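Me: I would like to learn how to read charged side-chain pairs in a model of this kind. Please take me through the general idea and then through some cases.

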Amino acid sequence: MLNFFRDSETERRGVPPDLNSVAEVPNTATCHPQSHIVFLKTHKTASSTVLNILYRYGESRNLTFALPVGQAMHLFYPKLFESRFVEGFSSGRVKEFHIMCNHMRFRKAEVAKVMPEDTFYFSIIRHPVTIMESGFNYFKAMPAFSNSRSLEDFLDNTNHYNDSAPWSFLAHNNLAFDFGFDHNVTADAEDHEDKAKRAVAAIERDFHLILVSEYFDESMILLKHVLCWSLEDVVSFKLNIRSNRTRHQISPNTAEKIKRWNALDWSLYLHFNATFWQKVDSVVGREQMKSEVSQLRELQVKLANTCLKGGGAVDPSQVKDAALKPFQAGTAVIQGYNLKPDLDNQTRKQCQRLITPELQYTLHLKSLQFLVQQTQVKRMVPP
């Protein structure tokens, strides 16, 4: 039987630490695991993998999720978040929510109506060049991209960009949009620097921690420390990942165009990539980080050898269990996993948690919390 997971229902919740204070560095001998959590799930940033980590943590401890109302699979993105979007909040059916982590457009005042005062807020960002390359493939059917032959073609014709077209924000400063800001900012805009400064200040005010997708394993170790979790709590397999054959090399010239077009996202990335390493230094330390990342990767390999047939991800056509096939979008080929056939029931259950795609896991949690019938849910917008 797999024994990599803790299944405690009685772990005490802690107060979010002050990450700027070395004196507040969590220590598993003295701190309590944090279970009031808001994760702003940004687009194309490895956020589906983080979501799975939070889903598994909460489900194994019978925590309550702030899930989308009705048949929605997200918190009515791209509308700015409202508390009424959460199932069980307006009716008073749910008295305490522990984790909010589905896609939303962030609005702190409304989120704070739902979540307890001691909630820990965090999110994840990614380099705007790789976000744009990924997004162009994933959201190719959206109006902003559909008429462009290539990403380069889109960038060379941004004068045709229509910011009032449906889902146009997916093509322009999508990170800033997810955080709740005006996304129609370019490097040439007179107020670009002012808007960037105000965005940075607002995020620093509202969030305890911003992780960085390019340093995913380091991000999970830092998250482990600040939440007072264990290594087993933050282990994962990559979800919602593309096949390499749908990835495209970006030339230096194209990369510069992307950074100018997504100037607000580029400013956010530069700032929070720097503060991420400042947090690493104050909370964990570089040598300790290196050691714990190595331990995390060893655990991932051990889990893959235990759980996965073939040891890794496969194209969707090769996923044997239809219930575990990931949603496909645009021209991207989103990979999934196959479990080994000879696992005992408990190990299979724990391994399956690790590879369950976002839509299926969300529906599963809804069935647990609200006893809804597990029927096929109509997709309302892309994840």
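Reply: Let us begin with glutamate 358, which counts as buried at 12% relative accessibility, where buried means under 20% relative accessible area, exposed over 50% and partly exposed in between (1.4 Å probe, protein chains only). This is a predicted model, in which local features need pLDDT of at least 70 and side-chain atom pairs count only at pLDDT 80 or more, while totals for chains, interfaces and linings use all residues. Residues are numbered from 1 along each chain as its sequence is written, and side-chain values use heavy atoms, with hydrogens and water left out.

Me: With which residue does glutamate 358 form a salt bridge?

Reply: Side chains of opposite charge can pair when their charged atoms come close. A salt bridge here is a side-chain nitrogen of Lys or Arg within 4 Å of a carboxyl oxygen of Asp or Glu. Glutamate 358 pairs with lysine 41, their closest N and O atoms being 3.1 Å apart. The partners are 317 residues apart, with lysine 41 in the loop between strand 1 and helix 1 and glutamate 358 in helix 13; helices (H or I, at least four residues) and strands (E, at least two) are DSSP runs numbered from the N terminus. Lysine 41 is buried as well, at 2% relative accessibility.

Me: Which parts does the pair of glutamate 59 and arginine 353 tie together?

Reply: These two side chains form a salt bridge at 3.7 Å, N to O. Glutamate 59 lies in helix 1 and arginine 353 in helix 12, so the bridge ties together parts 294 residues apart in sequence.
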